[in-house]
Amino acid sequence: MVPISVEKDGLSIKELTHAPVDAVYITPSHQYPLGMVMPIANRIQLLDWAKKHARWIIEDDYDGEFRYRGKPIPSLQGVDEHNRVIYIGTFSKSLMPAIRISYMVLPPELLGTYRQLEWRQSASRLHQQTLALFMRSGQWEQHIRKMRTLYKKKQALLLNEIQSVMGDHCAVSGQDAGLHIVLHVKSKVPAAVLIKKAKSVGVLVYGVSAVRNKKEHQASILLGYGGLSTEEIKKASNACIKPGCMIINEFN
Ligand SMILES: Cc1ncc(COP(=O)(O)O)c(C=O)c1O
């Protein structure tokens, strides 16, 4: 496995072209964990790379259903004319994680190999059939539209709470899509300390420890809001972001 850096727009395609790899795994709809959406020009470059060198792109359409700003961007699989993309997705966030249903769209060339695999999927057939009916009836689309509006509202509330209290003491990224944002606190205190302090006031947040943060005096913290009610977002923000809170004290 070869790690590839991410830049402002997501995966570094320049670095990828020099990497000795047969396939690349990406989450272009919402890079995990930093949250950038890969622009169409980069998607085309990536497809060109895959075509030219006969490589595979594994496109995990993570958070693809929940895009809030900017023009819709087609999936790589949607614009791929050379069958180089393995498209995967899950219903964990768009519906519920407990049903454990995900999907994969394979290029025709790989179908034969897939069918030879001793592969037994374990998702309930009843759930799969019910989901299919839900989709055919048009209610799936309705559900996604409703949830997109709701998540957008929750995100706006969270961003507003952050902006009103922290102002220039922080920056936010990853807000164009998905169910989390990344809060970059201008602080000399490491993210792990801030996370621990948030936990001590009952707020569970995560770091982006898998990512090497090149910026000094900046602690990056992942804030998920999808599963919280607006009341809970306000409560968490009162406990953890508003004056008197521990995070805010650190950059004073
Ligand atoms: C990058 C990425 N892809 C996909 C998923 C969904 O995985 P699962 O369907 O197993 O919950 C996650 C979960 O958060 C994820 O972080």
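Mentor: Let's begin with contacts, meaning heavy atoms within 4.5 Å. In the protein chain, residues 24 or more positions apart account for 67% of the contacts with a separation of 6 or more. Keep in mind that this is a predicted model, where local features need pLDDT of at least 70, side-chain atom pairs count only at pLDDT 80 or more, and totals for chains, interfaces and linings use all residues. Residues are numbered from 1 along each chain as its sequence is written, and side-chain values use heavy atoms, with hydrogens and water left out.

Trainee: Why is the pair of Tyr-87 and Tyr-103 called tilted?
Mentor: Rings of Phe, Tyr and Trp (its six-membered ring) pair if their centres lie within 6.5 Å; planes under 30 degrees apart are stacked, over 60 edge-to-face, and the rest tilted. Here the centres are 6.3 Å apart and the planes at 35°, so the pair is tilted.

Trainee: Where in the chain do these two tyrosines sit?
Mentor: Tyr-87 is in strand β5 and Tyr-103 in strand β6, 16 residues apart. Strands (E, at least two residues) and helices (H or I, at least four) are DSSP runs, numbered from the N terminus.

Trainee: What makes Phe-134 and Trp-140 edge-to-face?
Mentor: Their centres are 6.4 Å apart, with 75° between the planes, and over 60 counts as edge-to-face.

Trainee: How do you know whether Trp-140 is buried or exposed?
Mentor: Buried means under 20% relative accessible area, exposed over 50%, and partly exposed in between (1.4 Å probe, protein chains only). Trp-140 has 11%, so the residue is buried. Phe-134, at 25%, counts as partly exposed. Tyr-87 is buried at 13%, while Tyr-103 is partly exposed at 28%.

Trainee: Which residues do ring pairs link into a cluster?
Mentor: Tyr-87, Phe-91, Tyr-103, Phe-134 and Trp-140.

Trainee: What is the angle between helices α5 and α6?
Mentor: They pack at about 80°, with their axes 5 Å apart. Axes are lines fitted to C-alpha atoms, for helices over the stretch in contact, with angles from 0 to 180 degrees between N-to-C directions.

Trainee: Why is α5 called roughly perpendicular to α6?
Mentor: Angles under 35 degrees are roughly parallel, over 145 roughly antiparallel, 65 to 115 roughly perpendicular, and the rest oblique. The angle is about 80°, which makes α5 roughly perpendicular to α6.

Trainee: Which residues meet there?
Mentor: Leu-131, Phe-134 and Met-135 in α5 meet Gln-139, Trp-140 and His-143 in α6.
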